[in-house]
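This report goes through the model chain by chain and then looks at how its parts pack. The sequence and structure come first.

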Amino acid sequence: MKRNGAQQEMTPLNRAAFRIGAGALRGKGLELLLEEALARVTGGLGTGVTDSAICTEFSCNLYVPPPPPVG
Amino acid sequence: MFRTSSYTIFVNLPDNDQDVLLVHGYTGAYDRVSREVAGFLRSREAKRSAKPLYGDWSAEPEAAGAGAAGVSDATIDLLLDQGYLTELSPEEEETFFAQLAVKLHQRALQQAPGYIFMPTYDCNLRCSYCYQDHMRSDCSFKHLLRTMGRPMIDRIFAAMPRIEERHGLDPAARRRRNIGFFGGEPLLAANRPAIEHILGKAFELGDVDLWAVTNGTELDAYRDLLGPAGIARLQITLDGPPEQHDARRVYADGSGSYERIARNLSMALELGTQVSVRLNVDRNNLGQLPAMADEIVARGWDRRPGFSAYTSPVRAGNGKTEARSTLSSWELDRALTAMREEHANMRVLARPDEGMRGRARRIFAAGEEVLPNLRPSFCGAHDRMYIFDPFGDIYACWERTGDRDVRVGHVTPEGEVELQEDQLQIWRGRTVASNPVCRRCRFALHCGGGCAILALGKNGEFNSNYCDGFAARFRASVAEAYLEHLSGAGPAAVQERVCDL
């Protein structure tokens, strides 16, 4: 099934922030794993979330187009 | 026995039949793999994702080379490390995904709130397509057309500490606050006393980021309040080159507004204000975009450091819109990309998915250690946005302002905040985990579930998905960003959009 020594099968471009294994899930429990994952995806404790809502930028108007030209 | 994670995204590269990019939907992993490895993962998918009850997921691209043979032990270990292979059952993984989204959202709810003042619902323009048009044309809404008074402003500022406590923050702690203006037209000359009073109260609080969404027609009345130390950022809408704009954005007497806006826009840039020009695009003005790009270049706006311009598709929303005249984000992005081939000046107009491409380019440029940018919900309406209208009513989304039935709270005469917990729960509870389509979608934490208002309009259900071709847009953006990265182009500074409306 497996081939050893293959070259360039896979090139990491950005590492996963965490890994969840079934053993860890069943051993540690979901809540603990979630906390660990959360700490890793947010860069550690107390740093808040990534720019999820991007709220520093402008929100929006709801625009709809004008009626079609007459004639 | 391992299976392929339900949240593995396959990205084909144009003109490359050897490699495929992989992106993981919740671990933040990005990888380039051979076709054989992609095929191996395809062969280990538990099942094809269920078709959404609503929406329009596009099919995942097929990967050649299916079969387990020929994938090395080292690669399998890497696939496990990155999350593309998992030991979890589909049900266990979905549960983990949903709970992670909820945790992320709970943390987002603890972020510092953003405040938006609507000093009035009134406006000096009469764009027939405005979603608030009824407020100015139907006399039964006349009561809305008042300006926020100083006592109300004082009450709102008195209420802010209560809101910040609710976010788990110490109101006395020094922090940079974010205050914006929206309307109606917030920067009418007649509103200046209210705006000045708000600015004065804001500066008393400490550091503050001030911005406004304005039509720009009476900006000259605010000359001394603009710039880095005052209202530092503006969004101004231009609907095309002068002739086109003046046919769409008109005063009550039918006259056009372009020249006045253009003069004020130049003034704001000279004062060091950041100006983001928004172009609302449908099939009627799509063909005018090259002329608009030429206009921007001719006026020299693009050479000002604070200038940017972006395009946004017009949405069918208020009953006056023919859906066939509108474009999806994907269609608009592709149309603009094609136009860039023919018109060099089109580079000054950002495409709808520029932000997505920019984020991917930053990841590729940084190399291997970038935290994932996961979006458990779509926009600030679902976590920290508070919009105050002239009556002290508080809304989560400005698309729904003026309808007291959907306000999330109000400010009492004593400056206390009374929140409507039922409405608040509706708005602040919408995440990618709150509907079955998003929680099974491999793109969900990159997309945020789409705009709630557009989902409601399309599906009749607030807690539903609004895909807007996200799968195709995401894959195309990642592929384009990767090819740009390979070509040596550095990451671009890109202004993000918050909202699809």
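## Chain A

The model is predicted, and in it 39% of the 71 residues of chain A are buried.

The crossing of α2(A) and α3(B) is right-handed.

Which residues make the contact between these helices? From α2(A) they are L30(A), L34(A), A37(A) and L38(A). On the α3(B) side they are F96(B), Q99(B), L100(B), K103(B), L104(B) and R107(B).

## Domains of chain B

Chain B is split into two assigned parts, domain 1 (109-350) and domain 2 (381-428). The centres of domain 1 and domain 2 of chain B, taken over C-alpha atoms, are 21 Å apart. Across the boundary, 27 residues of domain 1 of chain B are in contact with 19 residues of domain 2 of chain B.

On the domain 1 side of this contact in chain B, the elements that give two or more residues are β6 (114-117) and α5 (150-166). The largest share of that side, 7 residues, comes from α5(B).

## The largest nonpolar core

The largest nonpolar core contains 141 residues. Within this core, I116(B), F117(B) and I387(B) have the most contacts. Helix α16 of chain B (residues 470-486) supplies the largest share, 8 residues. Where does the core lie relative to domain 1 and domain 2 of chain B? Both domain 1 (109-350) and domain 2 (381-428) give residues to this core, so the core lies between them.

The surroundings of I116(B) can be listed individually. Leaving out residues up to four places away in sequence, I116(B) touches G180(B), F182(B), M385(B), Y386(B), I387(B) and W398(B). One of these partners, I387(B), is itself among the residues with the most contacts inside the core.

Key:
Residues are numbered from 1 along each chain as its sequence is written. Chains are lettered from A and ligands numbered from 1 in the order in which they are written. This is a predicted model: local features need pLDDT of at least 70, side-chain atom pairs count only at pLDDT 80 or more; totals for chains, interfaces and linings use all residues. A nonpolar core is a set of buried Ala, Val, Leu, Ile, Met, Phe, Trp, Tyr and Cys residues joined through C-beta atoms within 7 Å. A residue is buried if 20 or more other C-beta atoms lie within 10 Å of its own, exposed if 12 or fewer, and partly exposed in between; C-beta atoms are placed from the backbone. Helices (H or I, at least four residues) and strands (E, at least two) are DSSP runs, numbered from the N terminus. Domain bounds come from an automatic or database domain assignment. Two residues are in contact if their C-beta atoms, placed from the backbone, lie within 7 Å. A crossing is left-handed if the near helix is turned anticlockwise from the far one by less than a right angle, and right-handed if clockwise.
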